Amino acid sequence: MKLDVDALRYLSKDDFRVLTAVEMGMRNHEIVPAELVERIAGLRHGGTYKVLRNLLKHKLVHHDSSKYDGFRLTYLGYDFLAIKTLVNRGVFAAVGREIGVGKESDIFEVATEDGTVLAMKLHRLGRVSFRAVKSKRDYLVHRSNYNWLYLSRLAALKEYAFMKALGEHGFPVPAAVDCNRHCVVMSLVKGYPLVQIKQLQNPDEVFETIIGLVVHLAEHGLIHCDFNEFNLMIDDDEKVTMIDFPQMVSVSHRNAKMYFDRDVECIFKFFSKRFVAEGDRDEEDGVEYDSEENGRPSFLSIEKSAGFLDKELAASGFTKRDQDEIEKFIEGGPEPKDGSSSDDESSGKEQTADEDNETVTTKMVALQLADQQVKSSCCNDEERVEENLDSCNVKVVRENEPTASGEQEDSNDLDNSDDDGSGDAELVKRLNKQRKRAVAAARGRRALASRNSYKDKGGKSSHNSKIQKQVSKW
Ligand code: ADP
Ligand code: MG
């Protein structure tokens, strides 16, 4: 997906305020009613409607009037919120070229103030109707507060927590830098995905290292579940780095052995196809799992210690509950491969930017945000929106109960929808009307949920802890 961060620089404080209001509203509304956005944002004189028009123009929100007048964030809107937060935190200062497109993510180079180049992964669950999620549709139908943004955020948190914990235990993974919403920032791996490597100086050594990693992970109680040539990077010295962790499961998972065997088999197949001479390959065909004679490590004979990383994972804010939650959706990564090779499976889905892998800093777009505020003011602003949300006393209601058939299409629509409303004269008219109505109402009485109305209430500390709870839930 194209990520044009140029617009980010020109967005005002009010733009972000309303964008955040839509995000808050999406906690309990799939489509957030326009009036609710207005009440949460709490801008004076109907300012919200004017801002919404601007957000629509930039495709940061999507307008939906099928049931009532409402808005939802697009992935681009969610990207902007995450990027702005990370820029304000000082994690990076510029966004560069796209370096990878995964099954469910986009990866970009970003640069820090001092010019260090890092990798930013934006999770996009639901973009591809991958089978594991599809098979969980029944579950989705009965879930009240599900949405794709929430799942992407959970996937990012899981990835960040695992990357950090694995790094601390000496696994060759990118260094986890920070995480916000659906976005993970990590060190840039200076190498190429194994799938792009045509020749190795020491194929046997690399193979041993990679198989050793699967075994070592299991000893630490973990199975990668998507361990293949797309998720292993090799540098010029043939050093291996493993990436992509949102689908990892514990060795105590009921399908653990199958996942482990599948990971091992992927590597055996890939190496035998690409790096073993034609004559030798035949010997590898038709082998059974767990047969030591065939060189496959046996899952059952590995000494495993489940729960080994639990403490580290919890330290990153990734709880057992989060793990259970996300497993319901992306359990085990892709569905078991029915005989097809990993190349066939993934070639269409996963590709990497063809350009050479040299670090390019020149094309970075520096993010001098229009509302250059002191770092903390962003949080204050978000907090204020939170306050408004709270004082709106939003009930947990679900407007559009998804249908088993409709949900996937709907979610895939997040970004692809043509109907961004920007050219819709009817919508503009309606927004203007609403705006006028809001201005009139504001003249007559104080906005229902203005900042001041909150201040009058007092009891800030208990309110704040409530805010914190909400924030950590989202
Ligand atoms: P997905 O979960 O969507 O498969 P990945 O994490 O596997 O996403 O990343 C997709 C591609 O992006 C990788 O194959 C790789 O080429 C590139 N990539 C991901 N992380 C990094 C990184 N830290 N440094 C350099 N390239 C990366
Ligand atoms: Mg991947």
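Let's start at Lys 121: one of its polar side-chain atoms sits 2.7 Å from an oxygen atom of ligand 1. Keep in mind that this is a predicted model.

The side chain of Ser 105 places an N or O atom 2.6 Å from an oxygen atom of ligand 1. At Phe 230 the backbone takes part: an N or O atom there is 3.2 Å from an oxygen atom of the ligand. How much of ligand 1 does the protein bury? Taken alone, the ligand exposes 550 Å², and the protein buries 96% of that.

Now the shell. There are 22 residues around ligand 1. The ones that come nearest are Ser 105, Lys 121, Val 189, Asn 231 and Asp 244. By type, the shell divides into eleven nonpolar, six polar and five charged residues.

Which strands supply at least two shell residues each? They are β4, residues 94-102; β5, 105-111; β6, 117-123; and β8, 183-187. β4 gives the largest share, with three residues.

Next, helix α8. This helix covers residues 148-168, 21 residues in total. At 1.5 Å a residue, α8 should span 30 Å. Its end C-alpha atoms are 30 Å apart, so the two values agree.

Is α8 mostly covered or mostly open? Mostly covered: 18 of its 21 residues are buried. After the helix comes Gly 170, with a positive phi near 85 degrees.

To recap. Ligand 1 has 96% of its area buried by the protein, and Ser 105 and Lys 121 each bring a polar side-chain atom to a ligand oxygen.

Terms used
Residues are numbered from 1 along each chain as its sequence is written. Chains are lettered from A and ligands numbered from 1 in the order in which they are written. This is a predicted model: local features need pLDDT of at least 70, side-chain atom pairs count only at pLDDT 80 or more; totals for chains, interfaces and linings use all residues. Side-chain values use heavy atoms; hydrogens and water are left out. A residue is near a molecule or strand if one of its heavy atoms lies within 4 Å of it. A polar contact is a pair of N or O atoms within 3.5 Å; within protein, one must be able to donate a hydrogen and the other to accept it, and residues adjacent in sequence count only if both atoms are side-chain atoms. Accessible areas come from the Shrake-Rupley method with a 1.4 Å probe; for residues, only the protein chains shown count as cover. Helices (H or I, at least four residues) and strands (E, at least two) are DSSP runs, numbered from the N terminus. Ala, Val, Leu, Ile, Met, Phe, Trp, Tyr, Cys and Pro count as nonpolar, Asp, Glu, Lys and Arg as charged, and the others, Gly among them, as polar. The expected span of a helix is 1.5 Å times one less than its number of residues. Buried means under 20% relative accessible area, exposed over 50%, partly exposed in between (1.4 Å probe, protein chains only).
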